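This report looks at one helix packing and a group of aromatic rings. The sequence and structure are shown first.

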Amino acid sequence: MSLPHQPGCACCTLPRLSTQLDALQHHNWTESLSGLIRVAAERAKLALHQDAAIFHGGPIYTLQGGQPGRVDALGVAHGKVVSVGSLRQVEADMQAQPRAERIDLRGKTLLPGMVDPHMHILPSALYRNWVNLSPFEDQILRPGYNLGWIAEKLRNELTARHGHARADAPQWLTGFGVDPSLMTEWQEPDQPFLDQISTETPIFLINASGHLGYANSPAMKLAGLDPDTKGVTTEADVGKVLAVIPGLAAPHLLSKLQEILHEAASRGMTTLFDAGLGAAMGQLEITLLRAFAQSPLAPVRIGAALYSNQDWLQEQWLHTFQPNHIPHDDDRFSIRALKLIADGSNQGLTGYQSQDYCCADQHSVPNVSPRGLFNFEPPITFAAQLQRALNAGWPVLVHANGDQAVDYVLAAFELALYDENAKDGAPNPKLALRSRIEHASLLSDASIATMARLKLSPSFLIGHVGYWGHTFKTTILGRERAQMLDRCQSALKAGLRISLHSDHFVSPLGTLRMMEQAVTRVMEADPERQALNPAECLDRLSALRAVTLDAAWQCHMDHIVGSLEPGKLADLAILEQDPLDPAVPAGSLRDIPVHQTWLAGKPVFHNPKTH
């Protein structure tokens, strides 16, 4: 299956990846997945645990009602929270569980399992098979990130592969995550640069924004591209290159999926929300993630929004699925919303702005205006598609980065949320759908007020402040417009519920890291490490809510996760330190070790470095 290109963030690479994944469509996924499940099941037998436990001996935060709700003890049984309160009260409530394991936290902090409400699982897994050329080293910016470092990585990879080339096919060298906007000097790895690496091995790199690709001469020749483009490929040309790159083996992709989910669990996350499912492999992608999530392989639960930028695709989803907002005992996989992508990426210079990018004279994207782009032409077609989804009872997640895109999207919501049947103060059911603006990068006061009136909430890619804040301020947007970036505190003051997300693979996984960036707003590439618009800094509790209860609320999952209350699922994280303790420096929240992560009352991660 091949889908038209939609430029922008991680979502936009999904259609392009379909060419790589076409070869996997005919693989016996059931056989590969069954083999992995058998191994996981055998391991599970060796690690039997009690069905009930009482936690005590350290700070326990329930977040019931959005407040810290610190208690002395927590009782869980059969995958759910049974009791919270004093140790005596919990012991009394747990009398029906005489064999409950007593777990002394020894000063460690217990929290609800954390939620990343916007990431992309399949492309993240696929790109883990490519050379990582991103500007991130674990969760921090890589010092000295430049074209020289990229050249060294590519040459080292070629050296490591020497002697392993196949005679029947070219041995491609592929890399992902290239981000010129975060280089010490903004430079593109074009064809002349890549030809210095090799003129024999085809090389292809994907830009972190997902909009651009870079190819050397052999890659361009194999893809039939015009040599005058100097190897900088956009839109259809990226698809042409991907179409000739050999596909992956299915078991390898599955192992990378497992790797990503375990990384999330190791960082205290128990829920991931895929914000663009079905774009690459359609129904097969949904079937695959559902089977994976419901198997012993998955240490997290997965929610999803279905990518639906094309009319025909949205129609397919509307006829095939209904949003799953019904409580279940242990919902490991669920489809809960639809996803639309209105514009592109601000750091990729494709977010749709009301004025030219400040760097438009020095840096541009082929075939894209100096103000970026809007993915629907004319814009009223976006409103029609949005209205169809809302009328069918679906919450909609709308990707909007540029300020002009936000204005267009809000105008479309004004039209789509109108209910001619809601008269004399009768409630409008579409206002209760918890639709979201994804990234919502540049928000004016008027935009925030409109979102509040329309019952919309923002999910912020807070890495835009921490990782890209300095380049936004000095190069891309300018000092004044950069003040509009990720206005977390203003959104809260307007009564909006907010969340923080990674958009992984765009930025690293890590909810504690996102809390740190929201609390400090330090521009990490700034030599003076100043805060970007410190008036928008969150307090620690608000930041914690944005990666637990409020994130779960936005995902229509707060009835089962996000806080620790009797009847909810026992998804929890145990940390070595208390992130709400002011004695823990705000700038080191990411360094708090995760001791254990539990999913539905069972430990799924244990850090061997902690005791």
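## Helix packing and ring pairs

The model is predicted: local features need pLDDT of at least 70, side-chain atom pairs count only at pLDDT 80 or more, and totals for chains, interfaces and linings use all residues. Residues are numbered from 1 along each chain as its sequence is written, and side-chain values use heavy atoms, leaving out hydrogens and water.

Helix H12 (residues 380-391) packs on helix H13 (residues 403-416) at an angle of about 45°, with the axes 9 Å apart. Contact (heavy atoms within 4.5 Å) is made by Ile380, Phe382, Ala383, Leu386, Gln387, Leu390 and Asn391 of H12 and by Val409, Ala412, Phe413, Leu415 and Ala416 of H13.

Rings of Phe, Tyr and Trp (its six-membered ring) pair if their centres lie within 6.5 Å; planes under 30 degrees apart count as stacked, over 60 as edge-to-face and the rest as tilted. The count comes to 16 aromatic pairs. Two tilted pairs that include tyrosine 352 are tabulated here.

| Pair | Centre to centre | Between planes |
|---|---|---|
| Tyrosine 352 and phenylalanine 374 | 6.0 Å | 50° |
| Tyrosine 352 and tyrosine 408 | 5.7 Å | 55° |

Tyrosine 352, in the loop between E16 and H12, and tyrosine 408, in helix H13, are 56 residues apart. Ring pairs link Tyr352, Phe374, Phe376, Phe382 and Tyr408 into a cluster.

Methods:
Axes are lines fitted to C-alpha atoms, for helices over the stretch in contact, and angles run from 0 to 180 degrees between N-to-C directions. Helices (H or I, at least four residues) and strands (E, at least two) are DSSP runs, numbered from the N terminus.
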